[in-house]
Structure formats: structure tokens, C-alpha cells
Amino acid sequence: MSVARRTLLTATASGTLLAALWFVPSANATGEHAVQDAPAAAPAEAAGKAGTASDLRLADTGPGLDTTPYLIGGTALLGIGTGFVTYAARRSGPRPAC
């Protein structure tokens, strides 16, 4: 395979991946329409309706959050990426002496 085709294949794969990631939903804590935008309801009406501000649950934060799995996963992925870069550098062949 020629170098030009290999570059074109890499660019196509990268563009496809970015286009696919465009459609991944974002991690917003609230819905499309925030509770502040909703018209104010009387307290008696709000108690019986689902989706009120008291029903919203945000992500767990604070000192009780266990981040160990994220650290282990991030370190593993960083190691895998480093291995790929090292493999690609070694595969490219010896470099000429200066």
C-alpha cells in the first residue's frame, strides 16, 4: 500500500470517528429545559407532579466519591497508548546518524 493511500485511510478513519462522536450525548445534569425556565407553580400543585426540582438528582460529588477505578483505567489507557507509540517508532526503522 502506498504512503498516500495509507495517509488517506488514516484521515478517513479519523474523520469517521469524529463524526460518530458528534452524536454522543453530553453529560448534562439537567434536561434540555432547565427547571428555572419552567413557569412557577403553586406549592400544592408542585407536590403532586413528577419532575419537580426535588426529584432531580445530580452526580455524586464530594469527599465520599471513590476515584480509584478512574485512576486505574486512565493509567492503563495511558500505558496502552505509550506502548502503541513505542511500537510505531520501533517499526519505522532505524534513523540515519547525524
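Select Leu17, Leu18, Leu21 and Val24: together they make a nonpolar surface patch with about 410 Å² of accessible area. The model is predicted.

Now pick Val24 alone. Val24 sits in the loop that links helix 1 (3–22) to helix 2 (43–48).

Next, colour the protein chain by pLDDT. The chain mean is 74. Residues at 70 or more make up 55% of the chain. Where is confidence lowest? Go to helix 2, with a mean of 50. The highest mean, 91, belongs to helix 3 (residues 68–91).

Select helix 3. This helix has 24 residues. From first C-alpha to last, helix 3 reaches 35 Å, close to the expected 34 Å at 1.5 Å a residue. Zero of the 24 residues in helix 3 are buried, so the helix lies largely in the open.

Step just past helix 3 to Gly93. Check its backbone: phi is positive, about 100°.

Finally, zoom out and show the whole chain as a cartoon. There are three helices and zero strands. Read from the N terminus, the order is α-α-α.

Note on methods
Residues are numbered from 1 along each chain as its sequence is written. This is a predicted model: local features need pLDDT of at least 70, side-chain atom pairs count only at pLDDT 80 or more; totals for chains, interfaces and linings use all residues. Side-chain values use heavy atoms; hydrogens and water are left out. Patches are made of residues with over 30% relative accessible area and no salt bridge: like charges are joined within 9 Å, nonpolar side chains (Val, Leu, Ile, Met, Phe, Trp, Tyr) within 5 Å. Accessible areas come from the Shrake-Rupley method with a 1.4 Å probe; for residues, only the protein chains shown count as cover. A salt bridge is a side-chain nitrogen of Lys or Arg within 4 Å of a carboxyl oxygen of Asp or Glu. Helices (H or I, at least four residues) and strands (E, at least two) are DSSP runs, numbered from the N terminus. pLDDT is the predictor's confidence in each residue, from 0 to 100. The expected span of a helix is 1.5 Å times one less than its number of residues. Buried means under 20% relative accessible area, exposed over 50%, partly exposed in between (1.4 Å probe, protein chains only).
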